[in-house]
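Hi everyone, thanks for coming. Have a look at the model on the screen, and I'll walk you through a few spots in it.

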Amino acid sequence: MDYGMIGKIDKAKRYAEERDRIRIEALTCTFSGENNPHTVTLKNGEWQCDCDFFQSRGRCSHTMALEILMEGMLPEFVE
Ligand SMILES: [Zn+2]
């Protein structure tokens with residue numbers, strides 16, 4: 001591996017520890033729920049999930065799990 005890439009890998013490891021450098025603006029993922037897979041998206045500061053609970057409550061275990069995973073990297077207006 002070339003010297004330049006080795007330096008970038010070291011930098012990447014350091015960056016990965018500094019979550020406040022990253023702000024997630026949009027996201028789409030498939031979430032394997034206990035019963036079915038669900039599609040969860042984050043767009044324009046709003047979560048969406050296709051599970052039944054989200055439809056009635058506007059928040060669900062899937063979106064909250066992602067909030068925990070991405071703590072410190074979500075835009076401030078996301079709730
Ligand atoms: Zn959900």
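**The zinc site and its surroundings**

Four protein donors hold the zinc ion, at 2.1 to 2.3 Å: Cys 49 (SG), Cys 51 (SG), Cys 60 (SG) and His 62 (ND1). Donors here are N, O and S atoms within 2.8 Å of the metal (3.2 Å for Na, K and Ca), and water is not among the atoms, so sites may look incomplete. Cys 49 lies in strand β3 and His 62 in helix α3, so the pair ties together parts 13 residues apart in sequence. Helices (H or I, at least four residues) and strands (E, at least two) are DSSP runs, numbered from the N terminus.

A quick word on the source: this is a predicted model, where local features need pLDDT of at least 70, side-chain atom pairs count only at pLDDT 80 or more, and totals for chains, interfaces and linings use all residues. Residues are numbered from 1 along each chain as its sequence is written, and side-chain values use heavy atoms, with hydrogens and water left out.

Along the chain, the donors of the zinc ion are spaced C-x1-C-x8-C-x1-H.

Are Cys 49 and His 62 buried or exposed? Cys 49 is buried at 3% relative accessible area, and His 62 is buried too, at 9%. Buried means under 20% relative accessible area, exposed over 50%, partly exposed in between (1.4 Å probe, protein chains only).

Now to α3, residues 61-69: its buried residues are His 62, Thr 63, Leu 66 and Glu 67. They pack against β1 (27-32), β2 (37-43), β3 (46-49) and α2 (52-57), with contact meaning heavy atoms within 4.5 Å.
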